[in-house]
Amino acid sequence: MSKPDWGTERAARGERLAAAGSLAKGKIVDSADVTALLEAVIRPGDRVCLEGDNQKQADLLAVALAGVDRTKVFDLHMVQSGVVLPEHLDVFETGVAKRLDYAYSGPQAARIARMLFGGKIELGAVHTYLELFARYFIDLTPNVALIAAVSADRDGNLYTGPNTEDTPTVVEATAFKSGIVIAQVNAIVDKVPRVDIPGDRVNFIVEAGKPFYVEPLFTRDPGAITEMQILTAMLAIKGIYAEYGVKRLNHGIGFSTAAIELLLPTFAEKLGLKGKIATHWALNPHPTLIPAIESGWVTQIHSFGSEVGMDDYIAARSDVYFTGADGSLRSNRAFCQTAGLYACDMFIGSTLQIDLQGNSSTVTTSRIAGFGGAPNMGSDPRGRRHASAPWLKAGEEADPDSPAALRRGRKLVVQIGETFGDGNVPMFVEHLDALVLAEKLSLDLAPVMIYADDVTHIVTEEGVANLLLCRDKDEREQAVRGVAGYTDVGRGRDAKMVQRLRERGVIRRPEDLGVDPLDADRSLLAAKSIKDLVRWSGGLYAPPSKFRNW
Amino acid sequence: METLTFHHKTVTPAGGAKAQALVGVVASGNLEVLVERTLPPAECTVEIATTAHGFGDIWRAVVGDFVARYPAGGLRMSINDGGARPDTVALRLAQGVRLIEEDAL
């Protein structure tokens with residue numbers, strides 16, 4: 001048996017660094033030389049993490065990678081959480097990249113679907129963020145990471161500012177496994193405001209001269225919230241938040257949950273729920289939560305990332321948000337996803353399709369948006385967990401016969417939405433488009449976002465379905481149909497069985513919850529416009545121009 | 001434009017004494033309902049002019065549920081629809097009944 005040749009990874013890293021040698025002054029590389037730098041340090045077939053999630057983007061490095069000579073750099077395996085910029089897919093058109101493992105692709109959902117069907121991309125899997133991060137440490141460790149920060153000093157210490165997001169995780173996995181880390185920064189400074197990434201983990205820095213792009217994904221204009229969304233929000237607050245006393249939670253993006261946030265200081269306060277619900281959050285800095293924060297509803301919030309325009313407000317509310325010594329937000333997607341999974345009692349979010357058992361997906365036949373964090377936070381982690389009142393109550397509802405001390409609790413996983421979505425497309429379907437897609441692409445698994453056995457409640461304008469109380473498949477199907485309104489699925493209900501489910505409290509109508517649909521009025525919203533949110537923030541919230549309509 | 005008309009026998013006449021009420025707006029995804037107290041107290045008619053074709057079955061279901069749930073006797077309801085979702089239609093019909101029940105100011 002021959003003796004193993006230890007140290008090959010480090011030697012390979014040394015060779016890559018040496019190849020880049022003449023392009024760098026210390027760690028600094030001129031922005032004109034970035035493409036040459038990438039050609040020098042990236043090898044064909046490398047796993048490359050191009051930082052881009054659903055918020056901040058290493059946009060300069062993305063353009064540089066799309067511009068490499070594809071006789072030198074080809075067949076890359078991209079392992080990145082977000083496919084957001086056009087360049088993220090351009091590399092697959094040209095052959096620079098071949099294989100993709102990712103989590104979210106909202107803005108590129110239609111193009112990524114076309115490219116998958118056309119065989120331009122070899123798909124590994126569509127992950128949750130936390131799952132992809134986990135694989136960075138096991139079998140998808142990047143050889144090269146291309147990341148984004150606000151500023152760097154000459155030693156490579158990085159300040160990521162409020163949008164720290166994925167950076168610490170990506171750098172940890174790459175730098176400590178002999179990989180190369182290249183950072184684009186808005187500016188090179190003498191001293192960074194705080195050290196988010198220590199310099200000895202960063203090999204090269206490039207001054208972009210302009211701020212990296214951030215997608216304002218979590219801003220919902222209160223002006224666009226409808227009466228139906230308000231009604232649905234009222235049902236959720238009375239039927240779930242108050243019912244279970246949910247204090248620790250995560251909200252998805254969407255207008256229904258934005259409506260809930262704006263009803264806390266009004267409708268929920270009148271119900272006497274202040275301090276009893278919605279106090280501790282794993283949540284991005286949603287502008288629509290400002291009125292609740294200002295009204296003293298919120299104890300604390302940990303965030304995955306920041307949100308465009310919220311930075312000054314957050315800095316002034318360090319009693320609520322996590323902030324650094326420099327005063328600005330410190331976000332961290334991996335930690336916040338972990339918090340959402342293990343320390344929250346409820347996830348509530350929207351989807352595009354729900355089937356008869358309660359499986360849901362945002363994938364449709366022409367759009368593959370990925371899932372981001374929803375399948376992680378929208379799941380019950382099952383393993384041993386600390387007890388909490390909502391978790392125990394949900395567990396008892398699901399399994400009333402087991403001895404209490406041996407019974408698992410249940411995390412509340414709530415799907416909320418209107419029975420018909422944009423363009424009158426029904427949210428309830430007999431079969432998910434995800435199944436068609438799986439067949440078309442020969443996938444082993446359909447891209448289901450949240451599995452039926454994790455979903456505990458479905459809320460629509462027609463009522464609340466409590467799936468924990470369903471005892472078999474038929475009951476479950478009728479509970480789903482029973483809140484599916486005038487969709488085909490809803491009109492296909494067994495009216496007698498739905499009535500029996502209602503008598504048992506499995507289905508609760510607005511009148512069962514003491515909610516009059518005619519009270520669902522926009523006057524209940526604590527803020528009715530983006531301008532109202534600015535006013536609530538004392539002028540600290542600075543919305544991006546596309547949301548300024550005054 | 002498609003027009004649909006549904007006639008129903010009703011049990012309970014609409015409350016109040018107002019002759020007419022108007023709710024909603026004609027806009028994409030929304031609708032306007034003109035409510036007139038012009039029919040015998042045991043009848044309700046809902047007339048729909050809609051830009052969306054082929055949704056007759058859904059309209060029939062929405063109107064049927066509305067008449068069963070709300071006191072709509074004596075009312076003629078004329079809908080000018082801009083492709084509203086069925087749940088919005090149901091809400092506007094209910095709002096129309098409430099508005100005509102209210103005492104005139």
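In chain B, helix H1 (residues 56-69) lies across strands E1 and E4 (43-50), running at about 30° to E1(B), where helices (H or I, at least four residues) and strands (E, at least two) are DSSP runs numbered from the N terminus, and where axes are lines fitted to C-alpha atoms, for helices over the stretch in contact, with angles from 0 to 180 degrees between N-to-C directions. Contact between two residues requires that their C-beta atoms, placed from the backbone, lie within 7 Å. The model is predicted, so that local features need pLDDT of at least 70 and side-chain atom pairs count only at pLDDT 80 or more, whereas totals for chains, interfaces and linings use all residues. Residues are numbered from 1 along each chain as its sequence is written, while chains are lettered from A and ligands numbered from 1 in the order in which they are written.

The 5 strands of chain B form an open sheet of mixed pairing in the order E1-E4-E5-E3-E2, two strands being paired if DSSP finds at least two bridges between them. Strands E1 (2-9) and E2 (20-24) of chain B stand at the edges with a single partner strand each, so one side of each has no neighbour in the sheet. Strand E3 (residues 31-37) of chain B pairs with strand E5 (residues 75-81) of chain B in the antiparallel sense over 7 bridges, and B:Glu32 stands opposite B:Asn80 in E5(B). Helix H2 (residues 86-101) of chain B lies across E2, E3 and E5 of that chain, at about 35° to E3(B).

Between the chains, 12 residues of chain A are in contact with 12 residues of chain B. The predictor gives the complex an ipTM of 0.91 and a pTM of 0.95.
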